[in-house]
Amino acid sequence: GPSLVVLNTKNVVQKIQGVSLVGFGKQGVLGRNPINFKDNGDLTGSSVKKNSITLSNNRCVNVHGTDGLYIGENVAYDTIGHCYALELGTEINNSFDKNIGILTKKATTQATGETDNTPATFLITHPGNSWTGNVAAGSEFFGFWMDLTIDNALATMNAFSDNTVHSTFHMGIKSWPVGWRPSEPQVLVNTKVYRNRVRGLFIQFSSNVTFDGGLVADTRHAVDIRLSDFITFKNFNILGNTDEYMDIVNTRSGQPSHCGVATTGVRPHINTFTEGSDGTTLENVAFSGYARPECSSTAVAIDMDSHYWKNTFTAPTTFSNVAFDTTDSIDAFSLCNIASKGVKDIAILDVDGSFDSAGGTGPGTIVSDDASMTEGKSCVVMTGSCAQYCQGNSALTAEAVAVSAPAPAPD
């Protein structure tokens, strides 16, 4: 199909607005996209706005060596490869605002060095841009993919707020393989991720990131955190199987669901990426839908990730004002999986007694159900969780330890 390329128009304002592009792009050919801005440098004041892109054969809006674009209020449907994409990993100050990508499909032929056979509706190759009010709906692989390089993994993000991802076949938002470790703390605001087949959020080799407000719902593994530092979820909701989701499952014959499998909410990692760093913090986080009797009995709101570098707990983890819709610890928290791998030295700080069955106000410590962690302390068994709850914080012994080992790949 044809391609609209804006090439080497440095400092010349460009506007593409109100255009319908059908069947544009050529699969497997670099740069043959419906809209491609290439090697323009700073184009501040230029915009790609209120266009529709359908049946694209190669991406939707591709930004290559161009900065300062406003890409907003576009609709893309039934497209192949990454949809709204930054290509080189050097592009900055572009704004992706209120766009929607529906049915992002994998390429069967891709250009050399590209990754369109595992497409994301929004491909992020440099954080120094903004994504606000966008929707990724129905990607065959990912909604947002932060595919950064060692050179830009420390960059800060201009903005990430009010974005929604649903109905992806693999992951809603993915930070992998390099991860994102901004030099200053970053806040991602009101992120909503739901009804994704495998994972909602997958965060690896990352640090200094807070998710403030939003939710993950109706996803087999809502949040997976691996080898990451200073990752915080606050003012957040994590829902295992909602009533609305179960209504669909129960009324449609043959409807696939994760109700019958081991569903998890948050899985913090037992190791950090950087020596001496804190791991995961949950602050004002509410869990629900992990205790449905009609679903798998192995569903649990908080588990621990068992892909580790070092088989000992080195990731200081803190919980504060964490709420559940169940009083059974077996549905709220579990160390059984990680204990089966031989890790029995977990110690997690409960700041305000959220996990204290006696109704205390903290602090307390959730520890592995092992004599080495409970001897000489005032602890009670958390039934079915392979853990005990100890009063005070005297059981906290973990320190971050730097290690060197191959990176675990997402499975």
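## Briefing: an open parallel sheet, with its pockets and cavities

In this predicted model, 11 strands form an open sheet with parallel pairing, in the order β1-β4-β7-β10-β13-β16-β19-β21-β23-β25-β27. At its edges are β1 and β27 (300–302), each pairing on one side only. From one strand to the next, the twist averages 15°. Helices (H or I, at least four residues) and strands (E, at least two) are DSSP runs numbered from the N terminus, and two strands pair if DSSP finds at least two bridges between them.

A quick word on how to read the values: residues are numbered from 1 along each chain as its sequence is written, and side-chain values use heavy atoms, with hydrogens and water left out. As this is a predicted model, local features need pLDDT of at least 70 and side-chain atom pairs count only at pLDDT 80 or more, while totals for chains, interfaces and linings use all residues.

**Strand pairing in the sheet**

- Strand β1 (residues 4–7) runs parallel to strand β4 (residues 35–42), and 4 bridges join them.
- Within this pair, L4 stands opposite I35 in β4.
- β4 also pairs in the parallel sense with strand β7 (residues 61–67), over 6 bridges.
- Here K38 has H64 in β7 as its bridge partner.
- Further along, strand β16 (residues 142–146) and β19 pair in the parallel sense over 4 bridges.
- W145 has K174 in β19 as its bridge partner.

**Pockets**

- On a 1 Å grid over the protein atoms alone, a pocket is an open set of points with protein on both sides within 12 Å along at least five of seven lines, whereas a cavity is a set of points where a 1.4 Å probe fits but cannot get out; lining residues have an atom within 4 Å of a point.
- Grid points are joined across faces, edges and corners, and a volume is the space filled by probe spheres set on the points.
- The largest pocket has a volume of about 500 Å³.
- Its lining has 21 residues, with N196, R197, Y245, S257 and H258 nearest the centre.
- Helix α1 (residues 243–251) gives the most to this lining, with 3 residues.
- By class, the lining of the largest pocket has 6 nonpolar, 7 polar and 8 charged residues; Ala, Val, Leu, Ile, Met, Phe, Trp, Tyr, Cys and Pro count as nonpolar, Asp, Glu, Lys and Arg as charged, and the others, Gly among them, as polar.
- The second largest pocket holds about 300 Å³ of space.
- It is lined by 17 residues, and T327, S329, S354, F355 and S357 lie nearest its centre.
- At least two residues of that lining come from each of β28 (318–324), α2 (329–332) and β31 (379–382).
- The lining of the second largest pocket divides into 9 nonpolar, 6 polar and 2 charged residues.

**Cavities**

- The model has 4 cavities of 30 Å³ or more.
- The largest cavity has a volume of about 120 Å³.
- It is lined by 14 residues, and those closest to its centre are M146, S175, L188, I203 and F211.
- β19 (171–175), β21 (199–204) and β22 (207–217) each supply at least two residues of this lining.
- The lining of the largest cavity divides into 11 nonpolar, 2 polar and 1 charged.
- The second largest cavity holds about 90 Å³ of space.
- Of the 15 residues lining the second largest cavity, V29, N58, R59, A111 and D116 lie nearest its centre.
- The lining of the second largest cavity has 4 nonpolar, 7 polar and 4 charged residues.

**Backbone points to look at**

- Most residues other than glycine have a negative phi, and most peptide bonds are trans.
- W176 and P177 are joined by a cis peptide bond, with omega about 5°, and P177 lies in the loop between β19 and β20 (186–194).
- G362 to P363 is also a cis peptide bond, with omega near 0°; P363 sits in the loop between β29 (347–350) and β30 (364–368).
- K98, although not a glycine, has a positive phi of about 55°, and its place is in the loop between β11 (95–97) and β12 (100–105).
- N190 is not a glycine either, yet has a positive phi of about 55°; N190 is found in strand β20.
- N190 is partly exposed, with a relative accessible area of 24%; buried means under 20%, exposed over 50% and partly exposed in between (1.4 Å probe, protein chains only).

Key:
Axes fitted to C-alpha atoms, helices over the stretch in contact; angles between N-to-C directions.
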